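Hello,

Here is the structure I promised to pass on to you. Please open it alongside this message, and my notes on what turned up follow below.

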Amino acid sequence: MGNRSRGAANTARGRRPLRVCKVCRTKFDNQVNPQQIVCSPKCGIAYVRQAKEKEWRKEKKRRLEKIKTRSEYLAETQKAFNAYIRFRDAGQGCISCGNKAAVQYHAGHYRTVKAVSALRFDEDNVHMQCSQCNCHDSGNICEYRIRLRRKIGDWRLERIENDRRTLNCTKEEVIEIRDFYRA
Ligand SMILES: [Zn+2]
Ligand SMILES: [Zn+2]
């Protein structure tokens, strides 16, 4: 009885608990190499491949996050800028039709963001516009030009009409513009 229990204790002490393979989950003995985490070379190859895939998924997520963040900042900056335009032009009426009693006013771009992205946050290019002109009459652009010319003059109108640049600013600069207009 005494011998048997001593023998069992020896066995328990002498043998490490079996390890579970990181890939196929079968138990294996890693007594020879305690660092071993997979049961076979085949599982070893699979483990490296999985690790690479995991790393790539992380990298992809990181890159997507970066893109998303810049466009999110652009949207926030547009919101702050548009609020400033409506504040600046309050009481002046719609730049296209002159309506001073519209239910809703927007900040309307003379040259669209799609056409000239560099003028996206240009104060000469964006003016208060009634929602009817902004959303339903394609910006009512001919009327827009007449009042815009009266408002900013030939020289400044010419500047924005000849602009062909694309918006070329970093995320940090976008944040700066946003904070400027928020203030
Ligand atoms: Zn395995
Ligand atoms: Zn209007």
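Predicted model: local features only at pLDDT ≥ 70, side-chain atom pairs only at ≥ 80, totals over all residues.

For comparison, ideal angles at a metal are 109.5 degrees for four tetrahedral donors. The protein donors are the SG atoms of Cys21, Cys24, Cys39 and Cys43, which lie 2.3 to 2.4 Å from the zinc ion. Along the sequence, these donor residues follow the spacing C-x2-C-x14-C-x3-C. Two of them, Cys21 and Cys43, link distant parts of the chain, 22 residues apart. Cys21 sits in the loop between strand E1 (19-20) and strand E2 (27-28), while Cys43 belongs to helix H2. Cys21 has a relative accessible area of 0%, so this residue is buried. Cys43 is at 9% relative accessibility and therefore counts as buried too, the limit being under 20%.

Now to the aromatic residues, where the structure holds five aromatic pairs. One of them joins Tyr84 and Tyr181: the ring centres are 5.2 Å apart and the planes stand at 45 degrees, so the pair is tilted. This pair also links distant parts of the chain, with Tyr84 in helix H2 (residues 41-88) and Tyr181 in helix H5 (residues 171-182), 97 residues apart.

Tyr110 and Tyr144 make another tilted pair, at 5.2 Å centre to centre and with 55 degrees between the planes. Here Tyr110 lies in the loop between strand E3 (105-109) and strand E4 (126-130), and Tyr144 lies in helix H4 (residues 141-161). The two are 34 residues apart, and their pair links distant parts of the chain. Tyr110 is buried, with a relative accessible area of 10%, and Tyr144 counts as buried at 0% relative accessibility.

Finally, have a look at the aromatic cluster. Tyr84 and Tyr181 turn up again there, as Phe81, Tyr84, Phe121, Phe180 and Tyr181 form one cluster.

Happy browsing, and do write back with any thoughts.

Best wishes

Terms used. Residues numbered from 1 in each chain as written. Chains lettered and ligands numbered in written order. Heavy atoms only, no water. Phe/Tyr/Trp six-rings, centres within 6.5 Å; stacked < 30°, edge-to-face > 60°. Helix = DSSP H or I, 4+ residues; strand = E, 2+ residues; numbered from the N terminus. Buried < 20%, exposed > 50% of the residue type's maximum accessible area, 1.4 Å probe, protein only. Donors = N, O, S within 2.8 Å, 3.2 Å for Na, K, Ca; no water.
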